Amino acid sequence: MPIKNKNVLTFLILLAAIILIFFIYLNNKSNSLINNANNNDESSNDFKNATYELEGKQIKLIDGIAITKESDNATTEKTSIYENEYHFDLNNDKLEDVAFFLSHETGGSGNFYYVAAAINENNKFIGVNTIFIGDRIIPKSIEFNGKVLFITYLDRDENEPMSNVPTREKKIYINLINSKLAKMPVYIESPDFSNPISSPLVINGMAIGNWFFEASFPIKITDDENNILGTGHVEANSNWMTIDYVPFKGTINFVYPSGTKTSGKLILSKDNPSGLKEFDDAREFNINFNKSASNNRPPSQIVSCNFLERIVNDN
């Protein structure tokens with residue numbers, strides 16, 4: 001064999017060996033990350049190394065990244081912290097917790113974004129569940145008012161193709177209940193219920209589109225013994241046939257509770273024309289009455305909440 005051909009063959013053999021060694025290195029590194037991701041230790045001194053629940057699966061981050069693979073033939077998925085974290089006391093225990101965006105890439109065209117949080121328990125961070133925001137959106141910010149997380153991001157309109165750059169600003173409202181993140185179907189912007197309320201009460205807020213039917217849903221005010229003091233509806237201020245939040249406004253007149261009672265509830269109920277209980281939903285807000293502005297009606301005119309609901313259902 002000519003020397004020139006031998007040199008070419010030697011070069012090709014060396015090149016193949018280098019490529020093989022490189023792929024073995026990448027495979028070992030990937031397996032190391034996957035094994036670390038399957039670690040069941042849910043807490044860490046650093047939130048970037050804690051475990052989080054994503055779509056029912058436990059995802060263990062290592063330096064803010066997790067590489068997961070269901071099987072040898074499955075697509076490798078990557079979960080990583082997106083840009084900045086935000087520090088708040090989410091559970092009012094005087095310790096600084098963390099909220100942030102997670103990016104989840106599944107190997108296809110989608111890039112799915114979630115909101116995640118880690119609770120600080122004696123300087124060890126415990127990851128909680130995540131809330132899905134959207135596919136190929138642009139996360140903007142996370143704010144906290146002491147009770148509610150305000151998630152701001154850019155998205156497309158519902159009829160826009162996914163190829164369009166997201167430009168429409170949207171918000172999601174999330175709170176922490178029993179160490180779990182929960183998306184709020186309805187959020188009241190005003191009034192501020194830390195102050196006593198007077199009749200008539202004007203309510204402004206946001207609700208998911210499926211809470212409305214024919215652009216409204218019912219509200220009522222009760223005393224702390226569930227006696228109804230007033231009923232009404234709120235009306236959507238924009239298109240309600242959407243999966244997004246819709247601004248609403250409503251006014252409710254009510255009588256003040258009798259005697260020395262000063263507290264009660266504002267109850268917002270999802271409009272459910274089907275009547276099926278599995279589609280029922282409601283949210284209650286504790287309120288205090290400004291009785292100095294009251295014009296009470298006699299207690300005999302107050303209707304039992306349970307009795308009224310039974311009459312409505314029977315009809």
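Reply: Start with Pro-200, which sits in the loop between E14 and E15. The E labels are strands: DSSP runs of at least two residues, numbered from the N terminus. This is a predicted model, where local features need pLDDT of at least 70, side-chain atom pairs count only at pLDDT 80 or more, and totals for chains, interfaces and linings use all residues. Residues are numbered from 1 along each chain as its sequence is written, and side-chain values use heavy atoms, with hydrogens and water left out.

Next, go past E15. Ala-215 is in the loop between E15 and strand E16 (216-223). Its phi is near 70°, a positive value in a residue other than glycine. Ala-215 has a relative accessible area of 18%, so it is buried (under 20%; exposed is over 50%, partly exposed is in between; 1.4 Å probe, protein chains only).

Glu-83 also has a positive phi without being glycine, near 55°. Glu-83 belongs to strand E5, residues 77-88. Its relative accessibility is 56%, so Glu-83 counts as exposed.

Now the rings. Rings of Phe, Tyr and Trp (its six-membered ring) pair if their centres lie within 6.5 Å; planes under 30 degrees apart are stacked, over 60 edge-to-face, and the rest tilted. The structure holds 18 aromatic pairs. One of them is Tyr-173 with Tyr-245: edge-to-face, 4.9 Å centre to centre, 85° between the planes. That pair links distant parts of the chain, 72 residues apart: Tyr-173 is in strand E12 (168-177), Tyr-245 in strand E18 (245-252). Tyr-173 and Tyr-245 are buried.

Phe-254 and Phe-289 form a tilted pair, because their centres are 5.7 Å apart and their planes are at 50°. This pair too links distant parts of the chain, 35 residues apart. Phe-254 lies in the loop between E18 and strand E19 (263-269), and Phe-289 in the loop between strand E20 (282-288) and strand E21 (303-304). Phe-254 is buried at 6% relative accessibility. Phe-289 is buried at 5%.

Finally, a cluster. Phe-47, Tyr-52, Phe-100 and Phe-125 form one aromatic cluster.

Methods: Helix = DSSP H or I, 4+ residues; strand = E, 2+ residues; numbered from the N terminus.
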